[in-house]
Amino acid sequence: MSERGRADAAAAALPAWFIYGLVMALCGILAYSIVAISLAMLSVLRPAPALLLGAALAVMLYVAWSREWSPRPGRSVSSHIAALAVTVLVLVVGALNARYSVEHLQIDRDPGVYTATGIWLAEHGSLAVHGDQGFFDPRSRLTYNAAGFYSSDGGKHMTPQFLHLLPAFLAAAKWIGGLSLLVKANAILGSLALLCFYAFAGQWLRPWLAALATAALAVNLPQIFFSRDTYSEILSQVFLFGGLFALAESCAQPRSFARSIIAGMLIGATCMVRVDAFLYLTPLAAWAIVTIYRERQSEAARGRDRFHVVIVAVSSALPASLGLLDGIKFSPGYLADLRSEMLRLGVLLVATVVAGLLFLALPRLTSQLLRSRRVVAHVVAVGIVAAGAYAFWLRPTMGIVHQDLPAQRAADIEAIQAYENQPLDGDRNYAELSLRWVSWYVGPVVVVAGLLGAALVTRRLLLGRDQNMLLFLLVFICASVLYVWRPSISPNQLWAMRRFLPVVIPGLIFLSAWACHWLLERARFRQLPIPPIAVLVTIVAIAAV
């Protein structure tokens with residue numbers, strides 16, 4: 001299918017009312033993010049200015065989007081039914097998650113740190129927690145300590161670890177509905193994340209298949225678990241899949257200035273939520289290089305793609321810079337602990353940019369690759385399947401992986417090993433089983449079909465098709481390779497699934513559904529000798545887990 005045909009198919013898959021409603025929510029959440037984190041870093045986060053300024057910016061973004069987007073004809077009745085069914089499903093799942101949300105206020109793990117920070121922000125408007133007042137006045141000689149908080153300014157303040165966009169949302173929840181809404185805020189964000197996932201999937205799948213993939217994600221155990229407690233991965237999902245959806249919309253003809261800005265800001269906003277989201281900047285840079293290269297090959301582009309890339313890159317830099325500034329200024333101890341990981345991400349980003357520029361500067365090399373891209377496409381596709389097979393079947397048999405863990409975590413691991421009559425090895429992090437971890441929660445059918453889908457999409461991209469899916473695939477592959485090879489987390493479940501929740505789990509579900517979509521199309525036109533019932537059985541197996 002051509003790019004224009006793909007854009008028309010995407011428009012037909014998502015009804016206008018669904019797109020308008022989702023864009024309204026995304027503009028609101030993006031606007032509040034920019035305003036709230038800026039005010040919090042200035043220690044002036046208050047309900048009236050944060051909500052009013054956020055609402056004003058949200059209206060501006062929504063009007064700009066709406067003026068440049070007009071619904072195209074051709075939507076089927078099934079697209080409306082599927083979108084309505086997904087909306088109802090998301091509301092039901094969100095209500096259940098909110099009903100059974102965890103009231104995690106004790107500062108013993110990450111959710112407690114987030115909620116305590118959100119409560120402090122709601123009441124004081126500052127990211128610096130005063131530590132020299134009341135009982136802890138220096139004259140009392142009492143000292144304080146708290147997990148997840150770092151001492152600063154000679155003990156005068158404490159600063160909460162992590163990046164602080166999620167606590168800013170929790171503060172807004174407390175302003176509106178008190179503590180009872182604060183502990184349910186992540187369940188609400190989880191519903192929005194599912195809608196963003198459906199909007200993205202609806203760009204490429206039949207409506208009922210996109211709805212089925214969304215349902216599979218909605219009832220996925222890690223998705224439920226992390227929606228019911230206060231974890232930042234859910235908000236990261238909102239921005240990532242919302243941004244990918246907006247980017248696909250902005251890539252439709254003609255290029256949209258406002259949609260490109262909003263798409264870039266949404267993708268960049270992931271860096272205001274989690275430090276590891278800076279990883280996404282590397283595939284974003286690779287996407288920009290490839291898009292510019294494609295523009296050189298197309299006389300019809302006439303600088304349009306390059307202009308589009310510049311807008312997306314610049315607009316993503318604003319929220320990413322705010323996230324970096326937040327970490328440097330208000331969570332320096334946390335960044336110091338992650339210094340080696342952050343340096344690796346920086347080196348990877350610089351290396352990608354340098355390699356991309358060399359790629360663009362060597363026309364002979366690029367032309368040679370273009371002539372042999374059919375062979376390259378097949379080799380890379382086979383390589384993806386082989387790498388997945390190695391990670392799932394062979395790697396667990398080739399030795400165990402160790403990691404220096406804190407004494408308490410090592411003791412916890414040894415206690416479980418003793419309970420299960422296993423050899424005691426507290427430094428073992430079980431990373432060799434990481435892809436099998438994922439299969440526990442999505443099922444082996446999704447893993448196999450997802451790898452097949454990744455291979456097929458990669459092949460099509462290298463052959464010049466479905467280019468609007470490029471950024472998603474780069475993000476998925478980059479995150480999957482990193483976390484499957486080195487999760488860098490204590491192996492207790494479901495905690496370890498945090499690494500895989502934002503991209504890998506929903507990515508595998510989407511790609512497995514896309515593989516079924518691809519097989520159905522080939523069976524329909526008799527391009528492959530596959531009976532449709534076999535594909536339907538695969539789809540049922542995906543949903544059944």
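A: An open sheet is formed by 3 strands in the order β1-β3-β2, with antiparallel pairing. Strands of a sheet pair through backbone hydrogen bonds, either parallel or antiparallel. The edges of the sheet are β1 (129–130) and β2 (149–152); each has a single partner strand, so one side of each lacks a neighbour in the sheet. Helices (H or I, at least four residues) and strands (E, at least two) are DSSP runs, numbered from the N terminus, and two strands pair if DSSP finds at least two bridges between them.

The model is predicted: local features need pLDDT of at least 70 and side-chain atom pairs count only at pLDDT 80 or more, while totals for chains, interfaces and linings use all residues. Residues are numbered from 1 along each chain as its sequence is written, and side-chain values use heavy atoms, with hydrogens and water left out.

Between β2 and β3 (residues 157–160) there are 4 bridges in the antiparallel sense. One of the pairs is Phe 149 with Pro 160, the latter in β3. Helix α5 (residues 110–124) lies across β1, β2 and β3 and runs at about 55° to β2. Axes are lines fitted to C-alpha atoms, for helices over the stretch in contact (heavy atoms within 4.5 Å); angles run from 0 to 180 degrees between N-to-C directions.

Buried in α17 are Ala 377, Ala 381, Ile 384, Gly 388, Ala 391 and Phe 392. These residues cover an arc of only 100° around the axis, which puts them on the same side of α17; the arc is that of the directions from the helix axis to the C-beta atoms. Buried means under 20% relative accessible area, exposed over 50%, and partly exposed in between (1.4 Å probe, protein chains only). Val 375, Val 379 and Val 382 are exposed on the face of α17 turned away from its buried side.

The buried residues of α17 pack against α19 (434–442), α20 (444–462) and α21 (470–485). The axes of α19 and α20 come within 7 Å and cross at roughly 115°. Leu 435, Ser 439 and Val 442 of α19 meet Pro 444, Val 446 and Val 447 of α20 in this contact. By class, the contact has 5 nonpolar, 1 polar and no charged residues. Ala, Val, Leu, Ile, Met, Phe, Trp, Tyr, Cys and Pro count as nonpolar, Asp, Glu, Lys and Arg as charged, and the others, Gly among them, as polar.

Some loop residues also deserve mention. Tyr 430, in the loop between α18 (407–419) and α19, has a positive phi of about 60° although it is not a glycine; its relative accessible area is 19%, so Tyr 430 counts as buried. Ser 43 likewise has a positive phi of about 60° and is not a glycine. Ser 43 sits in the loop between α2 (16–41) and α3 (47–68) and is partly exposed at 32% relative accessible area. The peptide bond from Gln 493 to Leu 494 is cis, with omega near 5°, and Leu 494 is in the loop between α21 and α22 (504–524).
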